[in-house]
Amino acid sequence: MASLSFVFGLLSSLLLLLLLFLFNPIAPTAARTIRIGATIIMKSPPDLPTFREAPSFRNGHACGYHKSDVIHIAMTLDVNYIRGTMAAVLSMLQHSTCPENLSFHFLSAHYEPQLSSRIKSTFPYLNFKIYRFDSNRVREKISRSIRQALDQPLNYARIYLADILPAHVQRVIYLDSDLVVVDDIGKLWSVDMEDKVVSAPDYCHANFTQYFTNKFWSDPKLARTFEGRNPCYFNTGVMVVDVHKWRRGGYTQKVEEWMAVQKRKRIYHLGSLPPFLLVLAGNIKAVDHRWNQHGLGGDNFEGKCRNLHPGPISLLHWSGKGKPWLRLDSRKPCIVDHLWAPYDLYSSSRHPLEE
């Protein structure tokens, strides 16, 4: 009877292992381990989408090849947004006068070899490096916001750019993954920042008070935060950052201090944007609005379609809940989503305009 019991036990264990392998097949790279009792099972990460190889882009005759000619661009790299990242990179290469001078710095919460290989296969000539962002550095500092996507630790990685990037990087353009650039990114890079730490389009016509709670404005001490400044809203998804001044001024700590206040008093509802505004609003170098045609993803709740704002456009930004690749795949795109579609390198994408 003991031997029969042993056989049944062995068969049950083998059946359990078989089911685990069927539902969690092992990938050849970037596998993780999980423990069930005394048994260690290899579990693969989510499959990354595949992309078509992009054309190669070369510098024009007027481009330099010195270190001072390099344009540094930082973006986050996430499985859920990698399709947007690929489109953004293609758009910059395609419209740049000196595409070989672009140097990409990708921040990823979970470094996977697959991420690097996917970028290399899509952009064989791209100059890039992937940095691991330690989510534990910010996880306990995050307060719940109005949309779960805004609460992801990687959404806060932009705060720590000065700590992550190499010391030789003195200036960087930070860009979200839900945008495309339809102009030469070198024009944004060359903006005269004067003595400011951040340069970005600002929007002084927006109702600035709505970004903070009544508790903030009713507190006499907190309400004096913006004294001596003319605070205006700016979107942190498109910024030129003087990394040297950021480091020297301790701006990471300043933003973290406001996040700590938020933990205690609940002074805003959005994610990483409000602490940036508290530290920098009214004290940035403003650039033309053409460099952030934002809000194309609609609001943070429904993501309804929005039209383009009047005026020239250098950058289209699907900030908000609606993302163009998701709306195109659902066959319920907004008109503006068709402006994103030509940059989509996803190998399985077939948009209505192509049929």
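Is phenylalanine 212 buried or exposed? In this predicted model, phenylalanine 212 has a relative accessible area of 4%; under 20% counts as buried, so phenylalanine 212 is buried. Phenylalanine 226 is buried too, at 7%.

The two rings form a tilted aromatic pair, with 5.9 Å between the centres and 50° between the planes. Phenylalanine 212 sits in the loop between strand E9 and helix H6, and phenylalanine 226 in the loop between helix H7 and strand E10, so their contact ties together parts 14 residues apart in sequence. Both belong to a cluster linked by ring pairs, which also includes Tyr203, Trp217 and Tyr233. The count of aromatic pairs comes to 19.

Rings also meet charged groups. Arginine 58 lies over the face of tyrosine 125, 4.4 Å from the ring centre, and arginine 171 lies over the face of tryptophan 189 at 5.9 Å.

Next come the salt bridges, of which the whole structure holds 12. One of them joins aspartate 329 to arginine 83, at 2.6 Å from N to O. Aspartate 329 is in helix H11 and arginine 83 in helix H2, so this bridge ties together parts 246 residues apart in sequence. Aspartate 329 is partly exposed at 42% relative accessibility, whereas arginine 83 is buried at 7%.

Terms used:
Residues are numbered from 1 along each chain as its sequence is written. This is a predicted model: local features need pLDDT of at least 70, side-chain atom pairs count only at pLDDT 80 or more; totals for chains, interfaces and linings use all residues. Side-chain values use heavy atoms; hydrogens and water are left out. Rings of Phe, Tyr and Trp (its six-membered ring) pair if their centres lie within 6.5 Å; planes under 30 degrees apart count as stacked, over 60 as edge-to-face and the rest as tilted. Helices (H or I, at least four residues) and strands (E, at least two) are DSSP runs, numbered from the N terminus. Buried means under 20% relative accessible area, exposed over 50%, partly exposed in between (1.4 Å probe, protein chains only). A charge sits over a ring if NZ of Lys or CZ of Arg is within 6 Å of the ring centre and within 35 degrees of the ring normal. A salt bridge is a side-chain nitrogen of Lys or Arg within 4 Å of a carboxyl oxygen of Asp or Glu.
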